[in-house]
Amino acid sequence: MKLALHSRKLETERSKFLIDSIQDILNRVEFELIISDALAPYLEKVAPEMYAQLSVFSTTEELRGVDFMISIGGDGTLLQALTYVQELEIPIVGVNAGRLGFLASIQRENFSKTLDSLINGYYSIDERTMLGLVSDREDLFGGIKFGLNEFTILKRDTSSMIVVHTYLNGEYLNSYWADGLIVSTPSGSTGYSLSVGGPVVIPGSENFIISPVCPHNLNVRPLIVSDQSVISFEIEGRSKNFLVSLDSRSEAVDATIELAVKKCAFKAKLVSIGGGDKFLETLRKKLNWGLDNRN
């Protein structure tokens with residue numbers, strides 16, 4: 001079984017967990033392991049003998065034939081792993097060495113048991129819808145124009161609001177006078193969208209959430225639409241430069257750019273170990289749902 005592993009530089013305690021995890025994989029004859037070019041320089045520095053045993057991948061094409069991508073870190077690390085996987089839809093094992101971990105839901109103390117589950121086939125695959133960005137700028141985001149959590153338009157270089165004229169399947173929806181606008185997937189509903197008052201939406205609901213950031217009109221509220229919709233935008237503001245982001249990647253653009261989002265042609269596949277709904281379990285653990293003296 002061929003595994004790819006992606007991580008970032010971790011704090012001292014978590015760095016030890018990363019090294020121990022890699023060694024656990026190397027000790028098992030069932031696995032062949034390659035590591036990401038983002039992890040390679042760090043591993044070469046902290047564990048040069050281990051680094052010498054491993055091959056490094058840097059492109060999606062080099063991942064062909066890989067059975068699982070292991071992401072060790074937080075949700076941000078898993079989102080980075082997706083930029084390597086792209087349309088190959090390699091299942092991602094998200095191991096939480098961070099803090100919140102809505103996406104990276106496997107706890108690090110369960111890592112060795114997780115490897116056993118992969119060997120024995122005791123896992124399920126949770127498929128998540130992603131956003132695809134359509135733009136007249138082919139070089140935007142280095143050509144990696146998709147996101148699992150959200151697409152965001154934000155003001156830049158000025159304290160003035162911007163106006164985001166928004167269209168649903170070509171029909172005018174609203175002009176948002178605000179600091180910005182978020183279009184989120186259900187997976188991203190517990191992220192940036194939640195922090196601006198958006199609803200929590202269960203993954204698999206086949207929706208997008210449109211949430212304004214600090215809207216000037218108080219009657220403007222988040223809106224849930226079908227993920228079959230094409231949502232397009234025109235941006236106005238005193239400044240002619242704006243910020244757009246896909247998950248944790250952001251770029252500056254000007255008002256002449258054409259932007260639209262729609263359902264991505266491929267999905268993110270997240271490995272789930274054990275029974276039960278991991279999303280609901282994470283809500284209870286991370287947001288303290290159900291934690292009430294009356295319960």
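Reply: Let us begin with a term: contact means that heavy atoms lie within 4.5 Å. Please also bear in mind that this is a predicted model.

Me: With that term in hand, which residues is threonine 190 in contact with, leaving aside its neighbours within four places in sequence?

Reply: Threonine 190 is in contact with Phe102, Val200, Phe279 and Leu283. Its place is in the loop between strand 13 (180-184) and helix 6 (192-195).

Me: Does threonine 190 count as buried or exposed?

Reply: A residue is buried when its relative accessible area is under 20%, and exposed when that area is over 50%. Threonine 190 has 11% relative accessibility and therefore counts as buried. Serine 195, which lies in helix 6, has a relative accessible area of 56% and is therefore exposed.

Me: What does UniProt list for "binding site"?

Reply: An unreviewed UniProt entry lists Asp75, Gly76, Asn149, Glu150, Asp179, Thr190, Gly191, Tyr192, Ser193, Leu194 and Ser195 under that heading. These positions span 121 residues in sequence, and their farthest two C-alpha atoms are 25.0 Å apart, so they do not all gather at one spot.

Me: Let us turn to another residue. Where does leucine 133 lie, and which residues does leucine 133 touch, not counting those up to four places away in sequence?

Reply: Leucine 133 belongs to strand 8 (residues 131-135). With a relative accessible area of 6%, leucine 133 is buried. Residues that leucine 133 touches include Leu140, Phe141, Lys145 and Phe151, and also Leu246, Leu259, Ala260 and Val261. As for Phe151, 18 residues separate leucine 133 and phenylalanine 151 along the chain, while their C-alpha atoms are separated by 8.1 Å.

Me: How does one read the chain as a whole, and why is it as compact as a globular protein of that length?

Reply: One starts from the secondary structure, which here comes to seven helices and 20 strands. The radius of gyration is 20 Å, close to the 19 Å that the globule rule gives for 295 residues, so the chain is as compact as a globular protein of that length. Along its principal axes, the C-alpha trace spans about 60 × 55 × 35 Å.

Me: How many of the residues of the chain count as buried, and which share of contacts do residues 24 or more positions apart account for?

Reply: Of the 295 residues, 49% count as buried. Among contacts with a separation of 6 or more, 67% are between residues 24 or more positions apart.

Key:
Residues are numbered from 1 along each chain as its sequence is written. This is a predicted model: local features need pLDDT of at least 70, side-chain atom pairs count only at pLDDT 80 or more; totals for chains, interfaces and linings use all residues. Side-chain values use heavy atoms; hydrogens and water are left out. Helices (H or I, at least four residues) and strands (E, at least two) are DSSP runs, numbered from the N terminus. The radius of gyration is taken over C-alpha atoms; the globule rule is 2.2 Å times the number of residues to the power 0.38. Buried means under 20% relative accessible area, exposed over 50%, partly exposed in between (1.4 Å probe, protein chains only). UniProt positions are given in the numbering used here, feature names are shortened, and annotations may be inferred rather than shown by experiment.
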